[in-house]
Amino acid sequence: MGATTTEERLVPSTNEIKQALRQQWIETPSWAYGNTGTRFKVFRNPAAARDAYEKIDDAALVHQLTGVAPSVALHIPWDRVADYSDLAKHAANVGLRIGAINPNIFQEDDYRLGSVCHPDPRVRQKATDHLLECVEIATLVGSPAISLWFADGTNYPGQDDIRARQDRLAVALNTVYTALPPDTGMLLEYKLFEPGFYTMDVPDWGTSLSHCLALGERANVLVDTGHHAPGTNIEFIVASLLRLGRLGGFHFNSRFYADDDLLVGAADPYQLFRILNEIVAAGAHLPGASVAFMLDQCHNVEDKVPAEIRSVMNVQEATAKALLVDRAALVKAQADGDVLEANAALVDAFSTDVRPLLAELREDMGLDPDPLAAYARSGHAERARAERAGGSAQGWGN
Ligand code: RM4
Ligand code: MN
Ligand code: MN
C-alpha cells in the first residue's frame, strides 16, 4: 500500500467502476468455437461448432453468461454462408451483432509466395478480389470493420524485393480502402514472424501505422498481443498509438513463445493489466473511443465455450484493476519524482482482488455471478456433444 490513506484515494467510486465495466464490449472470434489445431494435429472436439450459425449460437451463449460480449468476428471463407443477410438476422435473433470481418488469404496454393504482395499480378488480383468480397460481406452483415492480417512474407534473403512488396501492399490496401462504405473501418494487423521467417510484409506497428497514415483516418492499427518479440513492451506501443489516435483495436490472447493464441491473461496477467492501464488512462475503454476489444484465440486442447468465457472474464478483471488505479496519487507521485510511490499506485491496483466486484456487477446486470458455473449447469456442453458429433466442420480444421 502507498502512503495515502483510503480517504485520500481518488479512485472512481464502485458505482463508476461498475458503470464503466457494464459498458465494456469484448468481441469473441468465430474461429474460437470451431475446430482448430497446430500444424501437427487438429484434435476434433465433438462439441465444436460446425458452421457460422453454430459459432454464432456459441458466441451468443458467451454473451448471455458474461453480459459484455455482444459481437462475434467472422473469418471468411471459414464462415462462408449462402445468405449473409440471413446470418446477420440469425445473430440478431440470438442477441448478437456481427463484428469484424477477417479475410483469409493464406490457405490456398496460389498464396505460396504471398497474397497481395505476391510477385504475380494474377495472384495479387485474386487476393484483392477476396478482400473486396469481404468488404461486401461487411456491408451485408452490418459489420463495423474489415480486419486485415497478411501472411505475406519471405523465407530467404533475396527471395523477393522488399520495397516492391511494400508498394504492392500499398496498392491493394488503397483499392480496398477506397471501396469501404463510409461507416466501415479498416484494421491492419502486424506480426513479427510466421509464416514468413526472413521477412513479413507487415511485421510491426511502424509498418502498419505508415500504411494506415497513407490511407486515411478510417485505417487503424490492430495490436495482436501475441505478435511481438519476447520482452516487447506492448503497453508502450499501445500508449504511442493512443497518443496518435491510431489504435484501432486489439486481438487479445496470450503467448509463452510465439503466436500461441492461448487464453488472454493466462501467461502474463500483469502485462494485460499494464495494457489496460494505458487504455483506461486514455479513456479508451469507453465505447465512444472506438477501440475494438477482440479476442483472437484458438482452443486446441480445452473446451471452447468455457475458454471464451474465462477469457472475457480475464479481460474484465484486468480492466477493473486498471479502473482501480488511484490516478491522482499516480500523477502526484510522478510529478514529485517519487518512483516507488508511482509504481505502488499500479501494483496496489493490480494486487486487488476484483472478483467480488465483478460478481456483484453481474448480479446487478441480472446475470449469474459465476459465469463458468452457470455454463456448467446450462447443459450446453452435453447437448452440443450429442448434436454436433460427426459431420464435417467448416474452418481451420478441414
Ligand atoms: C493470424 C492472425 C489473424 C488470425 C489468423 C488465424 O496469426 O492473428 O488475426 O486471423 O492468425
Ligand atoms: Mn490476430
Ligand atoms: Mn495471430
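Colleague: Which elements do the buried residues of α3 pack against?

Modeller: This is a predicted model, where local features need pLDDT of at least 70, side-chain atom pairs count only at pLDDT 80 or more, and totals for chains, interfaces and linings use all residues. Residues are numbered from 1 along each chain as written, ligands from 1 in the order written, and side-chain values use heavy atoms without hydrogens or water. The buried residues of α3 pack against α2 (52-66), β2 (71-76), β3 (97-103) and α4 (121-141); contact means heavy atoms within 4.5 Å. Helices (H or I, at least four residues) and strands (E, at least two) are DSSP runs numbered from the N terminus.

Colleague: Which residues of α3 are buried, and why are they on the same side?

Modeller: An α-helix has 3.6 residues a turn, so residues three or four places apart point the same way. In α3 (residues 84-93), Y84, L87, A88, H90 and A91 are buried (under 20% relative accessible area; exposed is over 50%, partly exposed in between; 1.4 Å probe, protein chains only). They cover an arc of only 155° around the axis, which places them on the same side of α3; the arc is taken over directions from the helix axis to the C-beta atoms. K89, A92 and N93, on the other side, are exposed.

Colleague: How far apart are the manganese ion (ligand 2) and the manganese ion (ligand 3)?

Modeller: They are 3.8 Å apart. D224 lies in β8 (residues 219-224) and H251 in β9 (residues 247-252), so the pair ties together parts 27 residues apart in sequence. Both D224 and H251 are buried.

Note on methods: Donors are N, O and S atoms within 2.8 Å of the metal (3.2 Å for Na, K and Ca); water is not among the atoms, so sites may look incomplete.
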